[in-house]
Amino acid sequence: MKKRTFIKIIFYSIASLFLPFKLSSIEKKIINPNLSEEQKRIMFGEGTERAGTSPLNFEKRKGSYHCANCNAKLFDSVSKFDSGTGWPSFNEAIPGAFKTKVDYSFGMKRIEYHCAKCGAHHGHVFDDGPGPNGKRYCNNGLCLIFVPE
Ligand SMILES: [Zn+2]
């Protein structure tokens, strides 16, 4: 056996050991066939929409916010507040709506959250929120559907 082939085999065997763990940590599934390319990029490629682009920044009606992919209820309008960041922001999520994961991209340590039902990426949660629990969920507007009461 050539040395290079041997190295390749070793490399792939080691890589395959870690792959199942990485994939099983948060399972992702596209449920809504009408998601746009931009929505897919954010929800399944851990992307971020441009700040200030979501019409939901200005949404002030009573209602609830659902996952654009699987329709799970994620936030109630009472938890929404104007953070001035350009992204729809909430100080509290529906209990059990999200799963979190540590994200080290861009040289920062941030807590990223995903829909617990479909695994879609929604945004990051920070500890500088105005509510009693001090949370600020910074959510991509494209991942949300607002359902007025
Ligand atoms: Zn979902």
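## Close-up views of a predicted model

**Figure 1. Overall layout of the chain.** The protein chain contains two helices and nine strands. The model is predicted. In sequence order the elements follow the pattern α-α-β-β-β-β-β-β-β-β-β. The protein chain has 149 residues, of which 24% are buried. Among contacts with a separation of 6 or more, 57% join residues 24 or more positions apart.

**Figure 2. The six-stranded open sheet.** The strands are arranged in the order β3-β4-β8-β7-β6-β5, with antiparallel pairing. The edges are formed by β3 (80–81) and β5 (98–103), each of which pairs on one side only. Strands of a sheet pair through backbone hydrogen bonds, either parallel or antiparallel.

**Figure 3. Pairing of β5 with β6 and the turn at F106.** Six bridges link β5 and β6 in the antiparallel sense. D103 has R110 in β6 as its bridge partner. The two strands make a hairpin with six residues between them, and F106 lies in the turn. The phi of F106 is near 60°, a positive value in a residue other than glycine. Most residues other than glycine have a negative phi, and most peptide bonds are trans. F106 belongs to the loop between β5 and β6. F106 has 6 other C-beta atoms within 10 Å and is therefore exposed, the limit for that class being 12 or fewer.

**Figure 4. Pairing of β6 with β7 and the turn at G119.** β6 and β7 are antiparallel and share four bridges. Within this pair, Y113 is opposite G123 in β7. The hairpin has five residues between the strands, and G119 adopts a positive phi near 85°.

**Figure 5. Pairing of β7 with β8.** Strand β7 (residues 121–126) runs antiparallel to β8, and four bridges join them. V125 is placed opposite Y137 in β8.

Figure 6. β1 and β2 run antiparallel and are joined by three bridges. The bridge partner of Y65 is F75 in β2. Five residues lie between the strands of this hairpin, and N71 has a positive phi near 75°. N71 is not a glycine, and its place is in the loop between β1 and β2.

**Figure 7. The largest nonpolar core.** This core has 21 residues, and those touching the most other members are C67, L74, A93, C115, A120 and C143. Two or more core residues come from each of α2 (37–45), β1 (63–67), β2 (73–76), β6 (110–115) and β8 (136–139). In soluble globular proteins, nonpolar side chains tend to be buried together.

**Figure 8. Surroundings of C143.** C143 is one of the core residues that touch the most other members. Leaving aside residues up to four places away in sequence, C143 touches Q39, I42, M43, C67, A68, A120 and H122. Among these contacts, C67 and A120 are also listed with C143 for touching the most other members of the core.

Note on methods
Residues are numbered from 1 along each chain as its sequence is written. This is a predicted model: local features need pLDDT of at least 70, side-chain atom pairs count only at pLDDT 80 or more; totals for chains, interfaces and linings use all residues. A nonpolar core is a set of buried Ala, Val, Leu, Ile, Met, Phe, Trp, Tyr and Cys residues joined through C-beta atoms within 7 Å. A residue is buried if 20 or more other C-beta atoms lie within 10 Å of its own, exposed if 12 or fewer, and partly exposed in between; C-beta atoms are placed from the backbone. Two residues are in contact if their C-beta atoms, placed from the backbone, lie within 7 Å. Two strands pair if DSSP finds at least two bridges between them.
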